[in-house]
Amino acid sequence: MGQKIHPGGMRVGVIHDWKSNWYTGNKDFADYLQEDVRIRGHIYGKLAHAGLSDILIRKDAQRITIDIYTARPGIVIGKSGVEVDALRKDIHGMTSKAVHININEIKRPELDAKLVAQSIAEQLENRVSFRRAMKRSLASAIRSGAQGVKVQCGGRLGGGEMSRSESYSEGRVPLHTIRADIDYGFAEAKTTTGRIGVKVWINKGEIMPSGYESSAQQGETRLGDQDQARRRGGRTEGLGESRQGGRGRGADREGLGPVRPRRPRRGSGGQGRGPRRPREDAPAETVEQPRTDEQGVSAEGREQPVIEPQVEETPAAVVDAPDTTTQKQQQEDPTKLDQSGDEGAEQKKASTRAPRSKSSTAKKPAAKKAPAAKAKPEAKRTPKQEDES
């Protein structure tokens, strides 16, 4: 259903207002309606190049007020207001009533569906690739802050012999959600091969009804902003609060009270079991955090003892004791005497070397003859051999 009707007309009276505001009886209703159609047609025909987005008309008994929304207000106003004066005279001649015109500038044309459709149509008339034009407008709208965009082109795309339609979308465009502020725009591209229709849907967020304002957000509140605040960790109220049900959240269930926690399942494998309870006889783990102040108290409530650096001191008895119990006997080695500049000492050193080498050679076999086997039988004596001896 949402795909087959005008998104703006479906939301009139809920979140959107009428584009023509006046009242009359049944007798003059058709005349007033035809008058609105002529006014809109004349303005669109005269200011087609000015980037018009919307025209709102309010009628009184003897006065007509027209609000024009455009992306190029300079073109509509003209030099020193010449274009506006000419437009006012034309409408006065059509209706014979006093005409007042207000011109409003659209500061973000990337988020206006009518202007996006007109830009795509202009690019198609200039023989730009329809895919490139659609994707470029899609990306610019998302970059400007739209929550969802959908673009559709239908006709002889690319000069093909058979007409077809292609559409690209990004984000979410909930056409059935009436509180969603969806802007719809339509334009036609007059190409050499025929007309190509361009449709654009832009989701600007969701407008909440009165009574569901958040305490942090006053005025017009949108669910899109509330969803972003809830993802960041903020708290929301109203209809957005009842939608917070999910895994790991205590849902309110539309005011039915807090949800009772479910019991853990008794399944094999220990997947449904909860955390183990500590035993009563098990000692409680008390982790003491370090304190930087001087009045730190331990976990049991005792004051912290003053910690003094410990320096090892040797007792006096150990200091006075000698290094070794056996006294050393110093023997002078004639070979290690200071022989600097003493010729007699050098001769003495040479004479002592020869007999030392002889004695060492004579003593070597004596050292080799001393067998260690003689002591072994004495050590290995058994008690039986002692008795026999």
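## Finding your way around the sheet and helices

Thr95 has its place in helix α4. Keep in mind that this is a predicted model.

**Exercise 1.** Work out whether Thr95 is buried or exposed, and what Thr95 is in contact with.

*Solution.* 
- Step 1: Check the relative accessible area of Thr95, which comes to 7%. Buried means under 20%, so Thr95 counts as buried.
- Step 2: Follow the side chain of Thr95. It reaches the backbone oxygen of Ile91, at 2.9 Å.
- Step 3: Now skip the neighbours within four places in sequence. That leaves Thr95 in contact with Glu35, Ile39 and Ile64.

**Exercise 2.** Trace the open sheet strand by strand, and say which strands stand at the edges.

*Solution.* 
- Step 1: Pick out the edges. β1 (20-21) and β4 (98-105) each have a single partner strand, so one side of each has no neighbour in the sheet.
- Step 2: Start pairing at β1. This strand runs parallel to β2 (residues 52-59), joined by 2 bridges; Ser20 has Ile57 in β2 as its bridge partner.
- Step 3: Move on to β2 and β3. These two run antiparallel with 7 bridges, and a hairpin of 3 residues links them. Ile57 turns up again here, with Ile66 in β3 as its bridge partner.
- Step 4: Finish with β3 and β4, which pair in the parallel sense over 8 bridges. Asp67 stands opposite Asn102 in β4.
- Step 5: Take another look at β3. Of its 8 residues, 6 are buried, so β3 is largely enclosed by the rest of the structure.

**Exercise 3.** Describe how helix α5 and helix α6 pack, and name the residues that meet.

*Solution.* 
- Step 1: Locate the pair. Helix α5 covers residues 113-125 and helix α6 covers residues 130-144.
- Step 2: Look at the geometry. Their axes lie 9 Å apart, and the helices pack at an angle of about 155°.
- Step 3: Turn the angle into a direction. Angles over 145 degrees count as roughly antiparallel, so that is how α5 and α6 run relative to each other.
- Step 4: Name the residues. From α5 come Val116, Ile120, Gln123 and Leu124, and they meet Phe130, Ala133, Met134, Arg136 and Ser137 in α6.

Definitions and conventions
Residues are numbered from 1 along each chain as its sequence is written. This is a predicted model: local features need pLDDT of at least 70, side-chain atom pairs count only at pLDDT 80 or more; totals for chains, interfaces and linings use all residues. Side-chain values use heavy atoms; hydrogens and water are left out. Two strands pair if DSSP finds at least two bridges between them. Helices (H or I, at least four residues) and strands (E, at least two) are DSSP runs, numbered from the N terminus. Buried means under 20% relative accessible area, exposed over 50%, partly exposed in between (1.4 Å probe, protein chains only). A polar contact is a pair of N or O atoms within 3.5 Å; within protein, one must be able to donate a hydrogen and the other to accept it, and residues adjacent in sequence count only if both atoms are side-chain atoms. Contact means heavy atoms within 4.5 Å. Axes are lines fitted to C-alpha atoms, for helices over the stretch in contact, and angles run from 0 to 180 degrees between N-to-C directions. Angles under 35 degrees count as roughly parallel, over 145 as roughly antiparallel, 65 to 115 as roughly perpendicular and the rest as oblique.
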